[in-house]
Amino acid sequence: MSYIRLNKHYVHLPYLFLGIAEAILLVLAAWFALSFIESMADPEKVFALTEFDWPPFAIFSFVLSCCTLSMGVYLAMVREGFRSMVLRTIVSFFFLGSLSLYLLALLLPHNFIHQGFIFWSVITGSMFVIIARVFFMMVVDTAKLKRRVVIYGAGNRAKKLLEDLAPEIDVVGVQVVGCIPNANEHVQVSEATTLPYPSDWLSFVRNSQISEIVVSPDERRRVQGDSAFPLNDFLDCKLAGVPSCDALSFCERELGKIDITLLQPSWMLYSDGFKYSKRRLMAKRLFDLILASAFFAVLWPFMLLTAIAVKLESPGPVLYHQVRVGLNGRHFRIYKFRSMRQDAEKHGAMWAQKNDSRVTKVGAFIRNTRLDELPQLYNVLAGSMSFVGPRPERPEFVTDLAQQIPFYDTRHKVKPGLMGWAQLKYPYGASVEDAKNKLQYDLYYTKNHSFLMDMLIMIQTVEIILLGKGVH
């Protein structure tokens, strides 16, 4: 298995193991740095490891590990190469990590984390981690860590599945060996991808070292009184340790989305997901209140400066409000700092476009830095929004999209949020097709949301804010 499911969220094992190894290295780096500081304080003292003071070491390791996730270092290491990995590591450790540790030092007891410790630990930790990642890239062949899968089917469904996998093929935990056509379907995948129908499925999966069979044919009907679907063969493979799964579950696990073209209402009812508990809802609400209050206490000076800048640049109110659709379809009013001209919607509701001429100069800056979203802390405190959840849409758009996109209203079964899974996985959308693609990620969150997933989304959103991704 190249993945593990933690609290309903799938995590690929190679990156999990690398993350654990790096966390241990960061603890050792902090220990080494503290020993170095103490030896420098006494020139006559020979360098020796000091007493292992694990609380500050553990905090240091945890903070820098979170910063690594927030900058998408692991994906960049695979997709963009060595330079991008080093650059993101420097930003995550020296900027985000140092700043976070400095703020923690102000909150924690005196000298629990002192400034010299932060400086030398970050430098030492950076060296240790970069060397470990270079070693990982040189020694570990990620292709060999992937599970080899074969797709049963070579029609439109199999073709779409391959197209969905193509952009993520470097980072997903599988390698597609090929597609085996079903007797009832017209082959749509490329000839190089197709494999001959095996006379003995069990021998085929053993000889080809197949780890899983993905069932994705266009047809499963009987042909000439005999079953075209090899049920008994798949059962033999399953008993031999080679399981089968449907394309919908495979897509959910590997791509973090639910393909609505394959989705059936019965699957939503009977699958492991779409579960809610009163205890979790209460815990999430308490977490939202604490976090929103903390953010407001820290960010109010930036909110004041933003309000002044908006007022000075263009006439009109500082705050802009819109009606949005929230939990269970209820309407609520969302607040933002105004980033467009006052007459931006004199012709009615419109999708925001890239390089939108209605956006002011100050508006472009606060959109890129997400400062325009800060008034929504009020929505979180009021309970109409959460920190994490699907982004709420306007009623005018929801009515239209619900008529064109199946299962669109399902995204309203959870409370909308300031940040969401779809915002991490898909760029800004301004069309029905974009809304359809984003819905697949919103459905994944609706089905699998948990406290761990919320934390991962919040951590990874830092990269979106710093790099200005997905801003229109």
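Select Thr261: leaving aside residues up to four places away in sequence, Thr261 touches Lys160 and Lys436, where contact means heavy atoms within 4.5 Å. This is a predicted model, in which local features need pLDDT of at least 70 and side-chain atom pairs count only at pLDDT 80 or more, while totals for chains, interfaces and linings use all residues. Residues are numbered from 1 along each chain as its sequence is written, and side-chain values use heavy atoms, with hydrogens and water left out.

Thr261 lies in the loop between α10 and α11; helices (H or I, at least four residues) and strands (E, at least two) are DSSP runs, numbered from the N terminus. With a relative accessible area of 40%, Thr261 is partly exposed (buried is under 20%, exposed over 50%, partly exposed in between, with a 1.4 Å probe and protein chains only).

Next, select Ile258, in the loop between α10 (247-255) and α11 (265-270). Ile258 counts as buried because its relative accessibility is 1%. From Ile258 to Leu248 the C-alpha distance is 6.6 Å, at ten residues apart in sequence. Show the neighbours of Ile258: with residues up to four places away not counted, Ile258 touches Leu248, Glu252, Leu263, Trp267, Gln440, Leu443, Tyr444 and Lys447.

Move to strands β3 (residues 147-152) and β4 (residues 174-180), which run parallel and are joined by six bridges. Two strands pair if DSSP finds at least two bridges between them. Pick Arg148 and look across to Gln175, its bridge partner in β4.

For the surface, select Phe95, Leu99, Tyr102, Leu103, Leu106, Leu107 and Leu466, a nonpolar patch with about 720 Å² of accessible area together. Such patches join nonpolar side chains (Val, Leu, Ile, Met, Phe, Trp, Tyr) within 5 Å, and like charges within 9 Å, using residues with over 30% relative accessible area and no salt bridge (a side-chain nitrogen of Lys or Arg within 4 Å of a carboxyl oxygen of Asp or Glu). Areas come from the Shrake-Rupley method with a 1.4 Å probe; for residues, only the protein chains shown count as cover. Helix α4 (residues 82-107) gives the most to the patch, six residues. In α4, stop at Leu106, which counts as exposed at 58% relative accessibility.
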